[in-house]
Amino acid sequence: MKITVNGQAIELTQAQPLLKVVEDFGALAPFALAVNGQFVPKSQHQAFVLNEGDMIDILSPVQGG
Amino acid sequence: MQNQADKWNVYGTELSSRLLIGSALYPSPAIMQESIRQSDAEIVTVSLRRQSPEQAGGQAFWQQIQSLGKKILPNTAGCHSISEAVTLAQMSREIFETDWIKLELVGDEYNLQPDPIDLVKATEILLNDGFKVLPYCTDDLVICRHLVELGCEVLMPWGSPIGTGKGLLNPYALSAIRHRFPNISLVVDAGIGLPSHATQALELGYDAVLLNSAIAQAQDPVLMARAFKAAIEAGRQGYLAGRMPEKDTANPSTPTLGMPFWHQL
């Protein structure tokens, strides 16, 4: 199953929960997640199951004006 | 000395400092921290971007900001659509644990002007979702009225386009917004380049200014932060003092009665 994480293509051998994929990617707290441009709250990270072609965004604090 | 009772508020949160400061574009993290401290700002703006594992996920930056003990105002900078802005706002609320959002929605790449139509639509969605929206808007009175009618308690019209440092290009329009909405907290956001620009905004009766580049990109950001603090206090006191009536004709201030050599030549 092909997905993208922060624009990077990733191949999964089987369907996996969002949290597992994000941890395997090396995400460090604090972060917030979106899948296909939709916010996924922290309470759903474990239960959220990914599908073929899903695009995950892992966002963290940066400087802003 | 600043009058401690002279406060303004953001959705009920009372504030003494009338400067909101950005956290971007400083020469170094240490200069950023010291500039923010010297500015006396109580609110610091931040953003969210894709995490970079090479930079430890931005943890260092976040710790630097947290160590300052300021209130956090996340922005939606760079968003070009309502859905992008709404998603980024929701993600910001979770990470930063605040329902404040500086709503930015770019309408044109040339001048980074806020999209007035989509800004109003996104504001409505976010207010209904429980956010306290601080919309970065143009100085269009009618757009501001729509935002107020939706429930915005703070408006942040631009002085001039982001990062230009040109100051207040249309003081008349900004003044009209002030007169039209006497009970709304007004912040000039974007375009401030000099301390005197901030003074002018406060003299117009604006409650505060939000700026970043003017301090971060000064040759000495820490000194400029102190300059802005003083300029903002001067502008506020000038506003409270009430300006003299403006006239079109000259009037001497020194008495003319008793003038020697009066028209003797």
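The model is predicted: local features need pLDDT of at least 70, side-chain atom pairs count only at pLDDT 80 or more, and totals for chains, interfaces and linings use all residues. Residues are numbered from 1 along each chain as its sequence is written, and chains are lettered from A in the order in which they are written.

**Chain B overall**
- Chain B has nine helices and 10 strands (DSSP runs numbered from the N terminus; helices are H or I with at least four residues, strands E with at least two).
- Its C-alpha trace spans about 85 × 40 × 40 Å along the principal axes.
- Of the 265 residues in chain B, 43% are buried (20 or more other C-beta atoms within 10 Å of a residue's own, with C-beta atoms placed from the backbone).

**Contact with chain A**
- Chain B gives 27 residues to the contact and chain A gives 22 residues (residues are in contact if their C-beta atoms, placed from the backbone, lie within 7 Å).
- In chain B, β4 (43–50), α2 (59–66) and α3 (82–96) each supply at least two residues of the side that touches chain A.
- Strand β5 (residues 55–63) of chain A runs antiparallel to β4(B), joined by five bridges.
- Leu59(A) stands opposite Arg50(B) in β4(B).

**Helices α7(B) and α9(B)**
- Helix α7 (residues 195–203) and helix α9 (residues 221–241) of chain B pack at about 25°, with axes 7 Å apart.
- α7(B) is therefore roughly parallel to α9(B) (angles under 35 degrees).
- Residues of α7(B) that meet α9(B) include Pro195(B), Ala198(B) and Leu202(B).

Methods:
Contact = placed C-beta atoms within 7 Å. Pairing = 2+ DSSP bridges. Buried ≥ 20, exposed ≤ 12 C-beta atoms within 10 Å, placed from the backbone. Axes fitted to C-alpha atoms, helices over the stretch in contact; angles between N-to-C directions. Parallel < 35°, antiparallel > 145°, perpendicular 65-115°, else oblique.
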